[in-house]
Amino acid sequence: MNDYCARFHIVKDMNGDLVFSISDVWLIIKFIWLLPAKAVVGFSHNVSAWATFFEIDCSTGESWGGGIFSLFVWFVVLGLIGWAANELEGKQ
């Protein structure tokens, strides 16, 4: 996938101060949390008419809207993982 606006670039030193600190840990957690919203923005870049209509640009998905969208996506993903684990446990 094309890395639109360098959205999928994760490194140990996320804030670029040349030191790994607690603020970098928070930025890594934030990066993982917003990953679903960043993925949608990255995929929408390939469909430029859709992205233009909904005014999607590099900053989209890294604010409250992206956080809420990612909350729903992670809720569904973790729910599916829990459901699959229960199904596997029931078959043993």
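User: How many salt bridges does a search of the whole structure find?

Analyst: Side chains of opposite charge can pair when their charged atoms come close. A salt bridge here is a side-chain nitrogen of Lys or Arg within 4 Å of a carboxyl oxygen of Asp or Glu. The search of this predicted model finds one. Lys 38 pairs with Glu 62, and their closest N and O atoms are 4.0 Å apart. Lys 38 lies in helix H2 and Glu 62 in the loop between H3 and H4, so the pair ties together parts 24 residues apart in sequence. Helices are DSSP runs of H or I with at least four residues, numbered from the N terminus.

User: Is Lys 38 buried or exposed?

Analyst: Buried means under 20% relative accessible area, exposed over 50%, and partly exposed in between, with a 1.4 Å probe on protein chains only. Lys 38 is buried at 8%, while Glu 62 is partly exposed at 39%.

User: Which helices do the buried residues of H2 pack against?

Analyst: Contact means heavy atoms within 4.5 Å. The buried residues of H2 pack against H1 (22-33), H3 (48-53) and H4. In H4 (residues 64-90), Ser 70 touches Pro 36 and Ala 37, among others. Ser 70 counts as buried because its relative accessibility is 0%.

User: What limits apply to these values?

Analyst: In this predicted model, local features need pLDDT of at least 70 and side-chain atom pairs count only at 80 or more, whereas totals for chains, interfaces and linings use all residues. Residues are numbered from 1 along each chain as its sequence is written, and side-chain values use heavy atoms, leaving out hydrogens and water.

Note on methods. Helix = DSSP H or I, 4+ residues; strand = E, 2+ residues; numbered from the N terminus. Lists of a residue's contacts leave out its neighbours within four places in sequence.
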